[in-house]
Amino acid sequence: MTTLPDELDLLILPRWIVPVVPRGLVLEQHAIAVHQGRIIALLPTDKTHELNVRERRELPDHLLIPGLVNTHGHAAMSLFRGLADDLPLMSWLTDHIWPAEGRWVNPDFVRLGTELAIAEMLQGGTTCFADMYFYPDIAAAAAMDAGIRAQLAFPVIDNPIPGARDSAEGIAKGLKLHDETRHNELISVAFGPHAPYTVGDETLTRVRTLADELDLPIHMHIHETAFEVEEAVRLTGMRPLQRLQQLGLLSPRLQAVHVTQVNDDDLRLLSEHGVQVIHCPESNMKLASGAMPVKRLLDQQINVALGTDGAASNNDLDMLGEMRSAAFLAKLIAGDPTALDAHAALHMATLAGAQALGLAEETGSLEIGKFADLAAIDLSGLAQQPTYEPVSQLLYTCNAAQVSDVWVAGKQKLLAGKLCSLDIGPILQQASELATRIRKGDTHES
């Protein structure tokens, strides 16, 4: 057994542990030892009785998994939840969301909306999220204050946006955020060119050059709808992925979000260049944008991670629910009930997400040396009985309501369903007050 310190910070004793690595392993009657924020041992329960521990948590009905990794979203858009439902993507964006953003989005909006989203994500077992929204410095501060891991993709769009007059200013502010957070263990930064249809070749070339120089990821909506692809072919003679290849953007550094429209050439490009692909099934279904053929991508050894998208188009940030939707949709599209099984879905929501964000050495699985980013799921409820296979029950019967405890880097963020680092009362009050103003169209500043 690994030599342990004289006194451990934390010892968690659940009924089951699913480390994710190796795939398919379920440990019973085991414990996980945490010290100085990191996992230092996975050991049988009967080997723990003599250990000196500051905190010992018994979770006899629980499944312990890696903290979930939500690889795409727009956190502050939680304040637009339900504002414009049941519309196609371009009408939703151009007629409702973009005008609302132009009118209401400011630093205070982003701070409040990000705090609301973080609270929801922590309650649902998410310990790391990727955000792509305006004022990323404000979102980064909210994440740091809450103690959750985050990748902030700073928006790059050729047109004026909240917080940046053009793409040059957006890039300058994003690089400043990178410099300010480069030594922060919780925060990473990425380029966030919105989509091929909102960013021109000159800007994309600059993004690629800077990303190569700084070794930073590029997070981008790609092949989200059939209309997007058809328009790109009409205007440029190329599908968006072909254009991005010509511009040198296809690489393992690229995080391609949505990818619902895929032909054989697209698959070849994604596979050959090692592109990270991010699947947002519920948002895509709700907006009728299309469905990623997940099995075809996985069969080509393409890394596919999972994201909720923003609450304005989902409408929740529940990664367990997203896992189930991803599994069902993959089976339906492939006509194969084995297309995405329970362990594969959990891998997609954890280690595949960490890999997509470039964080697989630090999080995404329960391995010695990684940060203790953990979520405990209570499987004692009626809907979870009987529990023949805990990971199957996790996928097919659980949602955020079954998450009881969450740790980020060994620090407890959710205890018995109660948030530890956020005071949700004022957040909910302010969100309600703002929603009233948005409904009334009141532009009076508070």
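UniProt, in an unreviewed entry, annotates residues 64-412 as "domain: Amidohydrolase-related". The structure shown is a predicted model. Mean pLDDT for the chain is 96.

**Annotated span**
- Residues 64-412 are 43% helix and 17% strand.

**Confidence**
- A pLDDT of 70 or more is reached by 98% of the residues in the chain.
- Confidence is highest in strand 6 (residues 68-70), at 99.
- Confidence is lowest in helix 1 (residues 89-104), where the mean is 89.

**Helix 2 against helix 15**
- Helix 2 (residues 107-123) packs on helix 15 (residues 424-440) at about 125 degrees, with the axes 10 Å apart.
- The two helices are therefore oblique to each other.
- Their crossing is left-handed.
- Helix 2 contributes Phe-109, Leu-112, Glu-115, Leu-116 and Ala-119 to the contact.
- Helix 15 contributes Ile-424, Ile-427, Leu-428, Gln-430, Ala-431 and Leu-434.
- This contact has 9 nonpolar residues, 1 polar and 1 charged.

**Helix 12 against helix 14**
- Helix 12 (residues 342-349) and helix 14 (residues 390-397) cross at roughly 70 degrees, and their axes come within 9 Å.
- Angles of 65 to 115 degrees count as roughly perpendicular, so helix 12 and helix 14 are roughly perpendicular to each other.
- This crossing is also left-handed.
- On helix 12, the contact residues are Ala-342, His-343, Ala-345 and Leu-346.
- They meet Val-391, Ser-392, Leu-394 and Leu-395 of helix 14.
- By class, the contact of helix 12 with helix 14 has 6 nonpolar residues, 2 polar and no charged.

Methods
Residues are numbered from 1 along each chain as its sequence is written. This is a predicted model: local features need pLDDT of at least 70, side-chain atom pairs count only at pLDDT 80 or more; totals for chains, interfaces and linings use all residues. Side-chain values use heavy atoms; hydrogens and water are left out. Axes are lines fitted to C-alpha atoms, for helices over the stretch in contact, and angles run from 0 to 180 degrees between N-to-C directions. Helices (H or I, at least four residues) and strands (E, at least two) are DSSP runs, numbered from the N terminus. Angles under 35 degrees count as roughly parallel, over 145 as roughly antiparallel, 65 to 115 as roughly perpendicular and the rest as oblique. A crossing is left-handed if the near helix is turned anticlockwise from the far one by less than a right angle, and right-handed if clockwise. Contact means heavy atoms within 4.5 Å. Ala, Val, Leu, Ile, Met, Phe, Trp, Tyr, Cys and Pro count as nonpolar, Asp, Glu, Lys and Arg as charged, and the others, Gly among them, as polar. UniProt positions are given in the numbering used here, feature names are shortened, and annotations may be inferred rather than shown by experiment. pLDDT is the predictor's confidence in each residue, from 0 to 100.
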